[in-house]
Amino acid sequence: MPLKKLLLKPGVNRENTRYTNEGGWYDCDKIRFRQGTPEKIGGWIQYVETQFLGICRSLIKWVTLGNKNLLGFGTNLKYYIENGTIYYDITPIRRTSSVGAVTFAATDGSTTITVTDTVNGAILGDFVTFSGAVSLGGNITANVLNQEYEITSIVGVNSYTITSAVAANASDTGNGGASVVGAYQVNIGPPTQVPLTGWGASTWSSGLWGVGATGFDAIRIWNNQNFGEDLIFGPRGGALYYWDATNLVTTRGVLLTGSDVPTIQNNLLVSDVSRFVMCFGVNPQGLSAIDPLLIRWSDQEDPTNWAPAITNQAGDLRLSIGSRIVTVTQARQEILVWTDAALYSLQYLGPPYVWGAQIMGENISIMSPNAAATANNITYWMGSDKFYKYDGRVQTMRCDLRQFIFQNADPELSLDPLQASQVFASTVEAFNEIWWFYCSQDQTYPNRYVVYNYAEDVWYYGTMSRTAWLDSGLSTVPIAATPDSYLTAQETGVDDGETGTLLPLEAYITSSEIDIDDGHNFGFIWRLLPDLTFRGSTSETPVANFSLLPLQNSGSGYNDPTSVGGSNNANVSRTATVPIEQFTGQIYTRVRGRQIAMKVESTALGTTWQLGAPRVDIRPDGRR
């Protein structure tokens with residue numbers, strides 16, 4: 001028989017059986033498609049060598065008038081600005097105690113110090129910075145006390161404990177003096193979505209009397225938008241804060257104050273060009289409780305004035321469909337607003353109405369506040385059981401991985417709905433991709449991703465642990481945050497450099513079943529002609545492994561090729577690079593079956609590859 005070319009359809013399809021998807025790809029990790037053929041994705045290195053505190057859920061980059069390229073990001077513990085590969089803590093202070101209100105008590109031989117401060121409002125894990133303290137008389141000196149501490153336990157409404165770097169001795173009998181001041185940072189938030197049951201799991205008077213409700217302790221997500229060169233930010237469900245770029249990066253953000261400034265908000269956006277500061281899911285004017293469907297905006301160009309008047313354009317409107325606003329994004333000439341049941345379009349009308357809302361789609365869903373991304377003026381998002389896009393009208397996307405993600409019987413592969421709020425999306429516009437990261441079941445942080453390539457209209461997926469992602473724009477490559485509290489520069493190199501030490505970035509792709517002579521006869525494959533390029537590899541000897549996986553029939557499972565005295569895999573390596581890149585001309589193998597699947601993988605340092613059109617040499621080998 002003549003050589004058979006194995007040129008398969010682009011994209012990975014898991015909507016049916018391996019056999020039904022003949023001529024396509026079925027399984028993969030850390031690959032993408034370019035011009036219809038698969039290749040290994042780029043690697044990553046540390047963007048900053050040091051770790052930050054907490055789990056990052058949001059990233060924003062902007063440039064000041066002084067040409068400082070700043071990266072702002074919020075974690076469940078802190079809010080940072082990165083500049084020059086240094087993290088600056090700008091977490092706002094929520095409360096400063098009066099002078100002398102704070103006292104300390106130490107125990108001989110212990111590093112635990114009890115702090116007393118009446119009605120301090122602190123919770124476990126909060127951060128507080130002390131100043132004005134004097135020595136307790138022994139090892140616990142003024143320098144030991146006058147610094148930032150994390151609260152390690154709550155003793156009561158008026159007291160808590162911290163852990164010092166040194167143990168107290170018998171002379172530490174003082175209380176810190178009469179001038180101690182405690183500066184308490186904004187309360188921390190949960191790093192993951194924690195299921196709650198019983199009292200306190202839902203809002204007052206919800207559910208049946210005497211029956212404990214079930215709910216979730218929402219993860220900490222920071223909303224952040226630059227207002228010119230300044231930054232407006234605040235935690236979801238919290239107040240608004242302002243960071244002035246004319247101050248140093250060592251200056252903390254402060255509470256945004258003015259006329260009727262919102263005291264609680266779920267989403268924040270600064271409208272493009274017109275520069276209104278807008279809050280979504282916010283307290284009404286003059287009230288403190290949140291209205292989850294209310295939208296309020298400040299006067300144009302004035303983030304401090306939120307009181308509507310005939311002399312300004314501040315105002316509000318309330319949406320009607322759904323129970324809460326989930327998220328918002330700036331699109332072309334409109335602002336898109338998702339409730340949990342509909343998509344709205346906000347457009348600037350000018351005085352007296354200022355902003356107007358139109359319903360663009362009903363009976364839709366969105367997975368989380370970070371589940372939408374926009375590329376080429378089209379917005380894509382993950383719903384509760386499908387994917388959508390909006391290009392002027394709402395459409396359900398064709399997805400070749402829908403069952404694999406939402407209905408997979410394998411808990412290691414299926415999306416965990418209990419961690420839905422951790423789902424986030426971003427673009428990788430260099431490769432025309434939309435990425436969604438999600439938690440598989442029983443995972444604490446997002447560990448899997450699914451990709452839609454909108455230029456080639458194909459899907460693929462893989463494993464990678466990330467908690468936030470910012471596409472290139474003001475940076476040369478995408479920046480991501482990891483569960484281990486590192487920032488990484490993505491699409492850089494070909495290996496995994498998250499911890500500073502390069503590790504192999506293992507990648508593979510496996511085809512669906514391919515008939516040998518339409519499955520009527522067995523075939524015997526004795527030769528493989530690979531077609532592979534290692535262009536971009538940093539190793540002088542990059543290696544990939546080709547495997548041919550034979551089957552007796554589509555449901556039999558893979559055969560053992562050693563039963564016919566052969567092998568089903570072989571390494572393909574670069575043999576020369578000058579004058580042209582050349583590879584092993586042919587590989588001899590012994591594989592027998594009615595169908596085969598092909599797998600290409602790499603596990604070595606410094607290796608990247610792109611597959612072309614390999615060929616196999618097959619001869620008939622009977623019907624049994």
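**Salt bridges, surface and backbone of a predicted model**

Arg-252 and Asp-89 form a salt bridge in which the closest N and O atoms are 3.5 Å apart, a salt bridge being defined as a side-chain nitrogen of Lys or Arg within 4 Å of a carboxyl oxygen of Asp or Glu. This pair links distant parts of the chain, 163 residues apart, with Arg-252 in the loop between strand 22 (241-243) and strand 23 (254-255) and Asp-89 in strand 9 (residues 86-89). The structure is a predicted model, in which local features need pLDDT of at least 70 and side-chain atom pairs count only at pLDDT 80 or more, whereas totals for chains, interfaces and linings use all residues. Residues are numbered from 1 along each chain as its sequence is written, and side-chain values use heavy atoms, with hydrogens and water left out.

Arg-252 also forms a salt bridge with Glu-148, with 3.8 Å between the closest N and O atoms. Together with Lys-78, the residues Asp-89, Glu-148 and Arg-252 are linked in a network of salt bridges.

By the stated rule, the count of salt bridges comes to 17. One of these joins the side chains of Glu-39 and Arg-34, at 2.9 Å from N to O. Glu-39 is buried, because its relative accessible area is 7%, whereas Arg-34 is partly exposed, with a value of 37%. For the charges of the protein chain as a whole, the mean positions of the 41 positive and 57 negative charges are 8 Å apart; in this count Lys and Arg are positive and Asp and Glu negative, while His and the chain ends are not counted, and each charge is placed at NZ of Lys, CZ of Arg, CG of Asp or CD of Glu.

The secondary structure of the protein chain comprises two helices and 54 strands, where helices (H or I, at least four residues) and strands (E, at least two) are DSSP runs numbered from the N terminus. The C-alpha trace spans about 95 × 70 × 60 Å along its principal axes, and 54% of the 624 residues count as buried. Of the contacts between residues at least 6 apart in sequence, 61% join residues at least 24 apart, a contact meaning heavy atoms within 4.5 Å. Ala-544, which lies in strand 48 (residues 543-551), is buried, with 1% relative accessibility. Ala-544 and Thr-501 are separated by 43 residues in sequence and by 22 Å in space, C-alpha to C-alpha.

The protein chain exposes about 26,400 Å², of which carbon and sulfur atoms supply 49%; accessible areas come from the Shrake-Rupley method with a 1.4 Å probe, and for residues only the protein chains shown count as cover. Ile-45, Leu-502 and Leu-605 make a nonpolar surface patch of about 250 Å². Patches consist of residues with over 30% relative accessible area and no salt bridge, like charges being joined within 9 Å and nonpolar side chains (Val, Leu, Ile, Met, Phe, Trp, Tyr) within 5 Å. Leu-605 is found in the loop between strand 52 (595-602) and strand 53 (610-611) and is partly exposed, with a relative accessible area of 42%.

Turning to the backbone, most residues other than glycine have a negative phi, and most peptide bonds are trans. A cis peptide bond, with omega of about 5 degrees, joins Pro-351 and Pro-352, and Pro-352 is placed in the loop between strand 30 (342-350) and strand 31 (354-362). Gln-35, a residue other than glycine, has a positive phi near 55 degrees; Gln-35 occurs in the loop between strand 3 (31-34) and strand 4 (37-40) and counts as exposed at 74% relative accessibility. Asn-376, which is not a glycine, has a positive phi of about 55 degrees. The loop between strand 32 (372-375) and strand 33 (378-382) holds Asn-376, which is exposed at 54% relative accessibility.

How values were computed: Buried means under 20% relative accessible area, exposed over 50%, partly exposed in between (1.4 Å probe, protein chains only).
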